[in-house]
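I opened my notebook to look up helix packing and charged pairs. Here is what I looked at.

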Amino acid sequence: LEFRWSLFEDDGLVELAKGLNRNKHLKKLDFFGCSLEDGDLADIASSLQHHPALQVLILNGNKCGESASRRIAAILESQSCVLLALDVSFQRLDNGHRFHPSTIISALWKNTSLRTIDMTNNGLSDVEAELFAEVLCENKTLEELFLARNKIADPGVAALGKRLPQMMGLKKLSLWGNRFGETGAGSLLKGMTDNVELEDLDTFRQFKCSDQIQYFTNINRGGRRLLKGATNFVPLALWSLVLERANRVKLTKQRGQSTEHARADIMYCLLQGPAFLARF
């Protein structure tokens with residue numbers, strides 16, 4: 001159900017909230033660019049708290065404040081939550097009101113359904129980045145996190161980098177357009193050396209260590225997780241299939257390096273598996 005760029009009258013929103021409260025089958029709800037006020041969003045979110053089927057909720061370009069943030073968090077904390085994707089990017093608050101991302105982030109301690117969350121361009125600071133770093137060490141189900149165009153500086157990115165080795169679910173992290181520099185990027189690189197899950201780390205800017213970060217995301221995409229821990233759980237007979245798959249995965253080229261070279265890096269990394277098993 002899409003209401004993109006729609007304008008609502010108060011009575012219409014009240015009736016819509018009532019209808020959503022009774023609905024049991026809706027899977028996607030899109031309020032992109034509707035400029036809904038905090039109270040209106042809170043009413044909508046409240047009607048969805050125990051929805052048994054909703055998988056995608058798009059609230060980009062509205063005015064989500066304290067009340068709506070609490071109600072969205074209640075959705076995520078509900079035991080009946082099946083939401084897979086939440087977009088609360090580009091919140092346009094005025095008159096001294098502000099977005100409360102920490103309320104929503106904290107709900108991820110309990111949530112086990114969400115796969116993607118977008119908080120692009122919401123003025124997030126190091127505080128929220130540090131909270132995400134803590135939460136994602138426990139939450140193993142969130143796979144994509146979009147934090148682009150915020151106000152996250154080196155301390156916040158350093159917190160994320162430090163916790164990367166403990167993040168077992170995250171596959172994509174978008175940080176472009178923030179305020180961190182080489183120090184923060186270096187922390188990301190250090191974290192990537194022991195993270196085998198993250199396959200896409202988008203910083204947009206070219207830092208001194210960008211190519212090295214890209215190297216680790218590429219070999220993660222190729223299957224580096226198979227080399228972590230007890231390698232002998234992967235039978236030697238399956239490694240031909242692993243290598244064949246690695247030859248087909250989509251890769252991001254590094255500066256001055258062809259896709260073939262990037263793929264060779266993956267093969268060299270993965271061949272440690274069969275080589276290890278061959279010793280026994």
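I call a residue buried under 20% relative accessible area, exposed over 50%, and partly exposed in between (1.4 Å probe, protein chains only). This is a predicted model: local features need pLDDT of at least 70, side-chain atom pairs count only at pLDDT 80 or more, and totals for chains, interfaces and linings use all residues. Residues are numbered from 1 along each chain as its sequence is written, and side-chain values use heavy atoms, with hydrogens and water left out.

**Entry 1: charged pairs.** I looked for salt bridges (a side-chain nitrogen of Lys or Arg within 4 Å of a carboxyl oxygen of Asp or Glu). I found 10 in the structure.

E37 pairs with K63, with the closest N and O atoms 3.3 Å apart. E37 is in the loop between strand 1 and helix 2, and K63 is in the loop between strand 2 and helix 3, so the pair ties together parts 26 residues apart in sequence. Helices (H or I, at least four residues) and strands (E, at least two) are DSSP runs, numbered from the N terminus. K63 is buried at 15% relative accessible area, while E37 is partly exposed at 40%.

R4 pairs with D30 at 2.5 Å. R4 sits in the segment before helix 1, and D30 in strand 1. D30 is buried, at 0%.

**Entry 2: helix 8.** Is helix 8 mostly covered or mostly uncovered? I found it mostly covered, with 10 of its 13 residues buried. Among them are I213, F216 and I219. After helix 8 comes G223, with a positive phi near 120 degrees.
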